[in-house]
Amino acid sequence: MQYALLLGRLLFTTIFILSGIFHFFPSVIQYAADDGVPYANLIVPISGIIAAIGGLSILLGYKARWGAWLIVIFLIPVTLHMHDFWTFTDPVDVATQQAMFLKNMSMLGAALIIAFFGSGPLSLKK
């Protein structure tokens, strides 16, 4: 069962580690700027660092509770600003953004669970 938890941490954190890297791509920074993110040249890379560090922390099980709180800090503004499905009128856009919003909410729930329970076995702990 401990390997299942390690696999779960890997699957959960992959999106944060990769998106942390992607947050340095000019196209991602421009997308956020076009969506109204203020100071996107600064905010987007910083949010990428937060996501990547949080993801790596949980994956490795090193200070995973702190890493989970970093993921919470990352997800709340991203979810509310980038996936604000209630502001769209096109039904396809509404459905897409609502799915992304709900996906982020489920990841937020998982991060809160990790913040409470920690990373479990096969962790660097500390």
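**Note on the largest pocket and the helix 3–helix 4 contact**

1. Helix 1 (2-22), helix 2 (26-34), helix 3, helix 4 and helix 5 (91-117) each contribute at least two residues to the lining of the largest pocket. The model is predicted, and the points below should be read with that in mind.

2. The volume of the largest pocket is about 730 Å³. Its lining comprises 30 residues, of which His23, Ser47, Phe74, Val78 and Met82 are the closest to the centre.

3. Which helix gives the most to the lining of the largest pocket? Helix 4 does, with seven residues. Sorted by class, the lining of this pocket contains 21 nonpolar residues, eight polar ones and one charged.

4. Two packed helices are described by the angle between their axes and the distance between those axes. For helix 3 (residues 40-60) and helix 4 (residues 64-82), the axes come within 7 Å and cross at roughly 145°. The handedness of this crossing is left-handed.

5. On the helix 3 side, the contact is made by Ser47, Ile50, Ala51, Ile53, Gly54, Gly55, Ser57 and Ile58; on the helix 4 side, by Ala64, Gly67, Ala68, Leu70, Ile71 and Phe74. The class count for this contact is nine nonpolar, five polar and no charged residues.

6. The loop between helix 3 and helix 4 holds Lys63. Its phi is near 55°, a positive value in a residue other than glycine. Is Lys63 buried, partly exposed or exposed? Lys63 counts as partly exposed because its relative accessible area is 38%, which lies between the 20% and 50% limits.

7. Tyr39 sits in the loop between helix 2 and helix 3. Tyr39 is not a glycine either, yet has a positive phi of about 50°. With a relative accessibility of 70%, Tyr39 is classed as exposed, the cut-off being over 50%.

8. Leu11 belongs to helix 1. Why is Leu11 classed as exposed? The reason is its relative accessible area of 60%, since exposed means over 50%. From Leu11 to Met82 there are 71 residues in sequence, and the C-alpha to C-alpha separation in space is 23 Å.

How values were computed. Residues are numbered from 1 along each chain as its sequence is written. This is a predicted model: local features need pLDDT of at least 70, side-chain atom pairs count only at pLDDT 80 or more; totals for chains, interfaces and linings use all residues. Side-chain values use heavy atoms; hydrogens and water are left out. Axes are lines fitted to C-alpha atoms, for helices over the stretch in contact, and angles run from 0 to 180 degrees between N-to-C directions. Helices (H or I, at least four residues) and strands (E, at least two) are DSSP runs, numbered from the N terminus. A crossing is left-handed if the near helix is turned anticlockwise from the far one by less than a right angle, and right-handed if clockwise. Contact means heavy atoms within 4.5 Å. Ala, Val, Leu, Ile, Met, Phe, Trp, Tyr, Cys and Pro count as nonpolar, Asp, Glu, Lys and Arg as charged, and the others, Gly among them, as polar. On a 1 Å grid over the protein atoms alone, a cavity is a set of points where a 1.4 Å probe fits but cannot get out, and a pocket is an open set with protein on both sides within 12 Å along at least five of seven lines; lining residues have an atom within 4 Å of a point. Grid points are joined across faces, edges and corners, and a volume is the space filled by probe spheres set on the points. Buried means under 20% relative accessible area, exposed over 50%, partly exposed in between (1.4 Å probe, protein chains only).
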